[in-house]
Amino acid sequence: MIQQETLNLLEWPRLCQHLSTFAATKLGVRAAQELRLPTTQAESEALLAQTREAYGLEQQARGLNFGGIRDISMALERAYHGGMLSGQELLDLATTLKGARQLRRTIEAPPPEDVPELRALVSDLRTYPELEQHIHHCIDDRGEVTDRASAKLSSLRDRLKAVRHDIHQRLQRIMQRQAGALQELLITQRGDRFVLPVKAPQKEAIPGLVHDASASGATLYVEPHAIVDLGNQLRQLLRQERTEIEAILQGLSHQVAEGFEDLERLLATVTRLDLASARARYSLWLEANPPRFSQPQEPTTLRQLRHPLLVWQQRHEQGGEVVPIDLLIKPELRVVAITGPNTGGKTVTLKTLGLAALMAKAGLFVPAREPVELPWFDQVLADIGDEQSIEQSLSTFSGHIRRIGRILMALDGESGVKDQEPEAEAANRGFQVESQDILKNSALSRLTPGETGSHSTEISSARSPAANALVLLDEVGAGTDPTEGTALAIALLKHLADRARLTVATTHYGELKALKYQDQRFENASVEFDEASLAPTYRLLWGIPGRSNALSIARRLGLNAAVVDAAADYMAVGAQGDVNQVIAGLEVQRKQQEERSQAAAALLAETEALHTEVRRKAEMLREREQAMKVQQEAAIQQAIAAAKAEIAKVIRQLQQGPTTAQAAQKATEAVDAIAQAQLPTRPPTPISAQPGFMPKVGDRVRISSLGQTAEVLTAPDQDHKLTVRFGLMKTTVSLAEIESLQGEKVDLPVKAKPQDAVPAAQTAPSAPAVRTARNTVDLRGMRVAEAEAALETAIAQANGVLWIIHGHGTGKLRRGVQEYLTHHPQVQRFAPAESAEGGPGVTVAYL
């Protein structure tokens, strides 16, 4: 069959052999080596889902463990037909049941949505734990039937042990009495009879039955008459033991036969799981990606596709580096013609594409960069290599034609194996008319557009629905006269464009390169060749036909220059040189565009990276700004709450004490101190001074230092002070601190200052600090090191004055605190507190 031929040509069996090395059981190895290709896309999708789930388990280091699984298929078959299984076979069955049960537990451990396909495989799996326990009860780890298997067997073995002991006792006594008649003091066996090695001349000293003799005849192996009856008794007991063992094994085999269908299903399930795990491990090793089967209107996308066998060769056989290829095929294309020099990688490209299609179909990941998108093909058909055979009288051309004939038969849905010659005739008949028409015009390059259109009309009139097949042709039309081979190749490719979903062909015929410009279903591709190094790069280039580069290679390899120049002249006469010049120009343009594209891609990547960095930093700034706003709001709320509490405390003290001017003055100073400590510092609002104002009793004035509006209660005294009230508070203020509501200032008389007077800035009294919980830190009970840490925190949070409670004690803590304050850069000075506030037990630090 052509399908099997194709698998062999693409080296599919070799890939299956590689896959089998990732299987964990003999069942999986055999199934991988004989891997069956699915016949429906749904089956391939299910296999890919299994591979994807097993792949996920492998990546999470929770891969399936197939420990204990044995190949018991032959034993099951024999038990089903009434045969008796051996103890080792039964032991293998028991370990397989245990291994299958552990597999099911492993698969059921993850969430159901992670491994739905694998869960479905083991959902109805029966592992017969009772049969496993019964086998382990009757069979030991060596595969032998145990004494506990039955009471009768235990009794027989006890009697056997007693008889053997009796025999040994009697033989020991004989050996002691007749030691001189023995070759050596040894009890041995011949068959199931116990014997002694007796010297031949002294055989009368130990009368008995002779069972064997040495090669020289000097030693006779004699069973003494004294133990013959015991030997007979031992033989009978052994026969009874064997019968009982067979009965036990037969009973266990019968139990196995009763569960034959379930156990056969268990083996099949375990094999499928092992195959799924092997596919996942192989795909992981290949660094492959899961494929998606594209629809007819979608393109085929295979970027950075690598040949899996070359990857294996590189990693295991010290092969060269694998050069990936890009296959991007538009959905409307039906034929791709690949041209280029020999050894350039054309055939490898065909095999890589064919193997990728087969791997996806079999549930394997494809060694290409994501996304991996390709059609699901009913058939993959190939004509690759040389079919030449002396035995079958086949030339290279005949071999190719006969194989192509089988490909066309497969596309037309024909079945059965026909005779070789009629098969070749059938292959030629499908496109014979087309090739003859092309031959009449001598070459495709001389066809006019009108003539080409007429040929297309004739061909399309006989079109049948295209088969969902991938056809791979290597050196199509080669092996015969170039003119006829070209015509045959053109006719064949046009024929396949109508009858196959996708055809990829390699060729050296230049006329096939022009098909792209006459039929939109055709496309050109070429393999790149470096003329400087005379080495292929193995890169596949799209849209540009390739050159054979035969003359360039010949010149660089040292062929006579005159011969090469003459060949170039002949090419020019044949008008082939112009075509090659055009192709060379296209290649130069392609390289320039490729370099520009790479530069643009690098610039785009750099721009994207810069954009990402800018966005990241902008986001960080926004987050930092938001955090600062939250911190500021929290600090403001805290300050407001603290200020309200302190003001409330002052008001309560004022209400509880006598209402005097002195108390009001203290309350005012306390509120001023709170305002200075809690309100944020802000520049005063500049107000243009308007002189000539003097407040009267009952006037409304503004106290600039407090930012409050107050009512004047008394006229100014000789010290230029007056009493005002705002809210419930009464206080005495200086005329310099007030102004009218229109911003008018009071004109104060300037007094002459003595020469030795202290500057006003130094003599101006400052508002006394008010001790609160916020500006007080209690260090009692701490060590000096702990106190220094707490003191540093308190100084950072304090504003103006800090009360430090350290107590009296031994004085060590007080000395340590004052020593720390002496060297602290934020502390201006410090002094013991007043007696009412703790005296020497409290230190007041001015910051």
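The legends below describe close-up views of a predicted model.

**Figure 1. Overview of the predicted protein model.** The protein has 847 residues, 41% of them buried. Its secondary structure consists of 25 helices and 25 strands. Of the contacts between residues at least 6 apart in sequence, 67% join residues at least 24 apart. The accessible surface is about 46000 Å², and carbon and sulfur atoms account for 51% of that area.

**Figure 2. Helix α18, residues 482–499**. From first C-alpha to last, the 18 residues of α18 reach 25 Å, close to the 26 Å expected at 1.5 Å a residue. The helix is mostly covered, with 15 of its 18 residues buried.

**Figure 3. Thr-25 in the loop between α2 and α3**. Thr-25 counts as buried because its relative accessibility is 5%, under the 20% cut-off. The side chains of Thr-25 and Asp-274 are joined by a polar contact of 2.6 Å. Apart from neighbours within four places in sequence, the residues in contact with Thr-25 are Phe-66, Ile-69 and Asp-274.

**Figure 4. Salt bridge between Glu-5 and Arg-403**. The closest N and O atoms of this pair are 3.6 Å apart. The bridge links distant parts of the chain, with Glu-5 in helix α1 (residues 2–9) and Arg-403 in helix α14 (residues 396–411), 398 residues apart. Arg-403 is buried at 3% relative accessibility, whereas Glu-5 is partly exposed at 21%.

**Figure 5. Salt bridge between Glu-58 and Arg-281**. Here the closest N and O atoms lie 3.0 Å apart. Glu-58 belongs to helix α4 (residues 41–59) and Arg-281 to helix α11 (residues 260–286), so that the pair links distant parts of the chain, 223 residues apart. Glu-58 is partly exposed, with a relative accessible area of 21%; Arg-281 is also partly exposed, at 22%.

Figure 6. Glu-298 has 26% relative accessibility and counts as partly exposed. Arg-292 is likewise partly exposed, at 35%. A search of the whole structure finds 33 salt bridges.

Notes
Residues are numbered from 1 along each chain as its sequence is written. This is a predicted model: local features need pLDDT of at least 70, side-chain atom pairs count only at pLDDT 80 or more; totals for chains, interfaces and linings use all residues. Side-chain values use heavy atoms; hydrogens and water are left out. Helices (H or I, at least four residues) and strands (E, at least two) are DSSP runs, numbered from the N terminus. Buried means under 20% relative accessible area, exposed over 50%, partly exposed in between (1.4 Å probe, protein chains only). Contact means heavy atoms within 4.5 Å. Accessible areas come from the Shrake-Rupley method with a 1.4 Å probe; for residues, only the protein chains shown count as cover. The expected span of a helix is 1.5 Å times one less than its number of residues. A polar contact is a pair of N or O atoms within 3.5 Å; within protein, one must be able to donate a hydrogen and the other to accept it, and residues adjacent in sequence count only if both atoms are side-chain atoms. A salt bridge is a side-chain nitrogen of Lys or Arg within 4 Å of a carboxyl oxygen of Asp or Glu.
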